[in-house]
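Dear colleague,

Please find the structure below, followed by a summary of what was found in it. I would be grateful if you could read the two together.

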Amino acid sequence: QVQLVESGGGLVQAGGSLSVSCVVSGRTFSSYAMGWFRQAPGKEREFVAAISSSGGSTEYTDSVKGRFTISRDNAKNTVYLQMNSLKPEDTAVYYCTAQTSPARATSYYRQSRSYNYWGQGIQVTVSS
């Protein structure tokens, strides 16, 4: 069983920065594709970013390109999402997700159905 535990959320003013982390249990984290999704109140869960197992390939939704950066440290079983120039519309619960047997290009992991494990989520609130 793989467990994902997010941390680092909180409240930040618009224009500020915040980093969220996700520690993943499992002996073969370095082989997992990883992603971040978010869900705002009253809205569907949406893709934010994905990263390949090696970290060499990343994907972002258009609304966060140039502001958010996904990265990973395979030695620490951790994936990060650095969020800069935050906007009130970035307010959401952010979910870390893993695909433990990736077999597709990173672009495939823009879809929630591409993942088989999810974290509990962490709140990020951006005040105006």
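The model contains one disulfide, a term that stands here for a pair of cysteine sulfur atoms within 2.5 Å. The bond joins C22 to C96, with an S to S distance of 2.1 Å. The link of C22 and C96 is left-handed, with -80 degrees about the S-S bond. Because C22 lies in strand β3 (residues 18-24) and C96 in strand β9 (residues 92-99), the pair ties together parts that are 74 residues apart in sequence. Strands are DSSP runs of E with at least two residues, numbered from the N terminus. C22 is buried at 0% relative accessibility, and C96 is likewise buried, at 0%; buried means under 20% relative accessible area, computed with a 1.4 Å probe on protein chains only.

Please note that this is a predicted model, in which local features need pLDDT of at least 70 and side-chain atom pairs count only at pLDDT 80 or more, while totals for chains, interfaces and linings use all residues. Residues are numbered from 1 along each chain as its sequence is written, and side-chain values use heavy atoms, with hydrogens and water left out.

T106 counts as buried, at 11% relative accessibility. Its side chain makes a polar contact with the side chain of S57 at 2.9 Å; such a contact is a pair of N or O atoms within 3.5 Å, where, within protein, one must be able to donate a hydrogen and the other to accept it, and residues adjacent in sequence count only if both atoms are side-chain atoms. Leaving aside residues up to four places away in sequence, T106 touches A50, I51, S52, S57, T58 and E59, contact being heavy atoms within 4.5 Å.

Yours sincerely

Key:
Helix = DSSP H or I, 4+ residues; strand = E, 2+ residues; numbered from the N terminus. Buried < 20%, exposed > 50% of the residue type's maximum accessible area, 1.4 Å probe, protein only.
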